[in-house]
Amino acid sequence: MHRLRTTFARLGPLAAAQTAQSAPQSRLLALEGGARTFQPVRSLSASVAAEPFLNGTSSNYVEEMYYTWLEDPRNVHKSWDIFFRNANAGAPPGAAYQSPPPLSGPSDGTTGLRMLVGAQPNVEKLVKDHLAVQSLIRAYQVRGHHIAKLDPLGISCVDFDDAPCTVGFQNVGLYGLTEGDLDKVFRLPASTFIGGNASALPLREIIRRLEMAYCQHIGVEFMFINDVEQCQWIRQKFETPGIMQFSLEEKRTLLGRMIRSTRFEEFLQRKWSSEKRFGLEGCESLIPALKTIIDRSSQCGVESVILGMPHRGRLNVLANVIRKDLDQIFCQFDSKLEAADEGSGDVKYHLGMYHRRMNRVSDRYITLSLMANPSHLEAVDPVVQGKTKAEQFYSGDTEGKRVMSILLHGDAAFAGQGIVYETFHLSDLPSYTTHGTIHVVVNNQIGFTTDPRMARSSPYPTDVARVVNAPIFHVNADDPEAVMFVCNVAAEWRNTFHKDVVVDLVSYRRNGHNEMDEPMFTQPLMYKQIKKQKGVLQMFVEKLVAEGVVTTQHYEEEVARYDKICEDAFAHSKDEKILHIKHWLDSPWPGFFTLDGQPKTMSCPSTGIREDELCHIGNIAASVPVKDFMIHGGLSRILKGRADMVSQRVCDWALGEYMAFGSLLKEGIHVRLSGQDVERGTFSHRHHVLHDQNVDKRICIPMNSISPDQAPYTVCNSSLSEYGVLGFELGFAMASPKALVLWEAQFGDFHNTAQCIIDQFISSGQAKWVRQNGIVLLLPHGMEGMGPEHSSARPERFLQMCNDDPDVFPKVTGDFAVHQLYDCNWIVANCSTPANYFHVLRRQILLPFRKPLIVFTPKSLLRHPEAKSSFDNMLPGTHFQRLIPDEGPAAVGPQNVKRVVFCTGKIYYDLIRERKSRGLEDAVAVVRIEQLSPFPFDLVKAEANRFQNADLVWCQEEHKNQGYYYYVKPRLRTTINRKRPIWYAGREPAAAPATGNKHTHLTELQRLLDAAFDLETSPGKL
Ligand SMILES: Cc1ncc(C[n+]2csc(CCOP(=O)(O)OP(=O)(O)O)c2C)c(N)n1
Ligand SMILES: [Mg+2]
């Protein structure tokens, strides 16, 4: 909104000028400022001889006279007035000039002078011509890219909806100009830089320069940008005559980079001709493009660059941009090498990398990291953004001057994947901005076998970037100098405006989708053309030799030198005996592990805290630590309720969370909670950000007032995105192990739109890429009669992906709980008490390693009078309870217990209510499994053994094909060694997670409670 207003104000004067059509022409011209044509000058060349006072040296003076006359003819001497009237009226050479009247002549000053024609009609023509030229210039700026020679193959199918071309010499008629106007001189408007030092040019030259700027190998899309200053900046970068020139040194460096890029792929092709590598052939200039961006950014002060990219050209980027040792890359091709690390590992074109080195161009150190990523195209985009944001945050880089990201994209994926759009929409949000990302599209005009006509509905693959006003630089990738030029501009843009920018490398794909793939099946004509296409390196070196920049001999020596580097590395790679995925780590955590990458201990201290700390944090949670701050009356009651709880030494869910966050902050751990409406909390229970009821935008975050040396607390409402925001937070959590990063879904079921992040990164990231991550997912879950949506966070899906073996009872030795956690791929918990929630959050940080944590969180329990915890359960010595045994009468006389009902989460409260109403408190024990995965085999076994005479029941409120049933069933059976039957009390299988009918909901609930407590009949067998 703020931006819109600014834009409107800036557009103001222009709008006024546009509506001033009825004003006298002279005034109109004056309003247009410098945008004026000067007809006498354009007739100069023809009339110099006839009107000798018009010559090169007097032209400035004549021009000034002319403009003064335009503003008001009375401001100049009568002789000039007559001259300009006649000239404008089209007087032939020599006829416009009349001798000045005598100074003592008649007062009107015109007597005796020959006025050829009235000035009015020709001033109109003058205005029209000037506007026409201005429109033409603008047309080039807006649409020049339509006719730029972007496609190296010359077969481009960019579809502009058959809109006719509006630029070019042949189209001047569209603007009311004629061929005869081409040699007339026009004053240039302030909105162009094509003149250089000249303020006026003949129309022919204007067009020529515009064609040079906008219609060669670079197509610039930027005129949709709302900010006038930004548009001017771009115009200056592309229009200034002679701006695209490089020194000999720069050209030679560029050649060297092209050699490396090209010969690297050729080397791999020679050595491993039948291996998939997703080579870069056809877009080799990607390597100099990235190197140029990095060099320029480094010169501008950037110290760390985080890259995300898909498969195409990845090995080349690792080798020639990040500078991974070539032997390390080559040994990845050796199928006989054994893996040194646990886990699945990943294919070579998905692995990441981290490297710090000196940048030779800037003479400064720079850290480059390429994030490991799954095959799912574009999924890594938000992850890169999150990691970049975190690095900026932890290094105090509030404006993104030192840390930046570069994202690479394929043309088909950039247009097709919605996550690209979600990521763009994070780019300018205060808690998510990385202050500008440089996007580079490897636009090879094909996606696997699909050509752009079938792959997108927009003309360019890059149109999605327009939503955030990012300028888009299309460039013919067969022109390395043009590529280098736009990459420099892109880096400067990012450094100047700290906004996103796109470089679209229009190229082709010389091979099929991979090296084994036959492209002629589906794109025969395109590939016939490609076969004829000379390689970009060859064309470039021919050009440089012709220009005298290098000799053929120099070129050949350079090629031989690089080939030898590859050969030597290949020889070394044979010495490698074992593959270390650890060498491909993209986010090291220095100091967190031992030098061998192991946890420093294998135990976890108590997660409880002192009573005075609980009270202090509780009181902060109940206060408004800012003077004269008026909060809402309803909130005052909530805060008062918190204060009462503190005095009674109890916590509800929100206060338990407060205690966990507050205590970690006090211990120097940064806490970041992100998601939709998390500041208040979907269920209006959290209220971490208070709003002054009288002052707009005045807010207060009491969590940041816990202690003067605490770590900062970040709580941020996110955009309405799950995929993008969860990916972002995952990336944020990757940067440091000393932070608790949480993402909360509005309702648990919405996590399914982020499934890709969960499947490809969270559940399997460590196994694939040996990197750990302690992200926490908070997923509101529970069957509360609210219908099929909003009820289930789909625990079954998370549990299905757990890696603990259901059929093997583990060895219980040492600190079993910690070892189990170390071995698991993630932790799944369903806490039934605020204290346990408090402990599980704190344990995330106090563990000597990091694992993702999935917590199913309550809705109605947030306000349930019994869902409260005493401070006693949070004091030093206490810890997270993986299982909460029955502590009532059943525990006192276990031999009398007839049934043990195992359950998890909210159903516990329904069960104990029902048990009480049936008077079965000593006959039925209710045991809560709080940590579902890794499964607490040891504790479940102890409970089963305790109640030897009881039958065993698994009770859940979810439908049988959902919830926990299929996960706990084999594990319970393994625990009791299949010696006792276990029964099931729960809902029948169903397609939808819950009924939409309240009555049915209650009937179903009662039925499952009946099944759980009817001791005479056994429910269905598990
Ligand atoms: C989300 C997703 N869907 C489908 C695929 C399968 N796939 C792999 S590469 C590819 C084509 C990608 O085309 P483009 O983005 O233009 O990149 P290019 O391969 O041309 O470099 C497809 C469809 C994938 N990897 N990820
Ligand atoms: Mg493509």
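Q: In this predicted model, which strand holds R672?
A: We're looking at a predicted model here, so start with where the residue sits in the chain. R672 falls within residues 670-675, and that stretch is strand β14.

Q: Is R672 buried or exposed, and which residues does R672 touch?
A: Buried means under 20% relative accessible area. R672 comes in at 2%, so R672 is buried. Leaving out residues up to four places away in sequence, the contacts of R672 are S431, Y432, T714, C716, F728, E729, F732, L740, V741 and L742.

Q: Which residue of β21 is the bridge partner of L779?
A: Strand β19 (residues 776-780) runs parallel to β21, and five bridges join the two. For L779, the partner in β21 is F856.

Q: And what is the bridge partner of V828 in β21?
A: Here the pairing is between β20 (residues 827-829) and β21, in the parallel sense over three bridges. In β21, V828 has as its bridge partner I854.

Q: Which strands stand at the edges of the eight-stranded open sheet?
A: The strand order reads β3-β10-β11-β9-β8-β4-β7-β6, with mixed pairing. From one strand to the next, the twist averages 20°. Two strands have a single partner each, so one side of each is left without a neighbour in the sheet; these edge strands are β3 (218-221) and β6 (353-359).

Q: Which residue in β8 stands opposite G308?
A: Strands β4 (residues 304-308) and β8 (residues 403-410) pair in the parallel sense, over five bridges. Opposite G308, β8 places L407.

Q: At about what angle does α18 run to β10?
A: Helix α18 covers residues 480-497 and lies across β3, β8, β9 (437-443), β10 (472-476) and β11 (501-506). Relative to β10, the helix runs at about 165°.

Q: How far apart are the axes of α11 and α18?
A: Two packed helices are described by the angle between their axes and the distance between the axes. For α11 and α18 the angle is about 35°, and the crossing is right-handed. The distance between their axes is 8 Å.

Q: What classes of residues make up the contact of α11 with α18?
A: From α11 the contact takes A289, T292, I293, R296 and S297. From α18 it takes V483, M484, C487, N488, A491 and E492. Sorted by class, that gives six nonpolar, three polar and two charged residues.

Q: What is the term for how α11 lies to α12?
A: Helix α11 (residues 286-299) packs against helix α12 (residues 314-322) at an angle of about 40°, with the axes 10 Å apart. Angles under 35 degrees count as roughly parallel, and 65 to 115 as roughly perpendicular. The angle of about 40° therefore makes α11 oblique to α12.

Q: What is the handedness of the crossing of α11 and α12, and how many residues of each class make the contact?
A: The crossing is right-handed. α11 brings L286, I287, L290, K291 and I294, while α12 brings N316, V317, N320 and V321. By class, the tally is six nonpolar, two polar and one charged.

Technical notes
Residues are numbered from 1 along each chain as its sequence is written. Chains are lettered from A and ligands numbered from 1 in the order in which they are written. This is a predicted model: local features need pLDDT of at least 70, side-chain atom pairs count only at pLDDT 80 or more; totals for chains, interfaces and linings use all residues. Side-chain values use heavy atoms; hydrogens and water are left out. Axes are lines fitted to C-alpha atoms, for helices over the stretch in contact, and angles run from 0 to 180 degrees between N-to-C directions. Helices (H or I, at least four residues) and strands (E, at least two) are DSSP runs, numbered from the N terminus. Angles under 35 degrees count as roughly parallel, over 145 as roughly antiparallel, 65 to 115 as roughly perpendicular and the rest as oblique. A crossing is left-handed if the near helix is turned anticlockwise from the far one by less than a right angle, and right-handed if clockwise. Contact means heavy atoms within 4.5 Å. Ala, Val, Leu, Ile, Met, Phe, Trp, Tyr, Cys and Pro count as nonpolar, Asp, Glu, Lys and Arg as charged, and the others, Gly among them, as polar. Two strands pair if DSSP finds at least two bridges between them. Buried means under 20% relative accessible area, exposed over 50%, partly exposed in between (1.4 Å probe, protein chains only).
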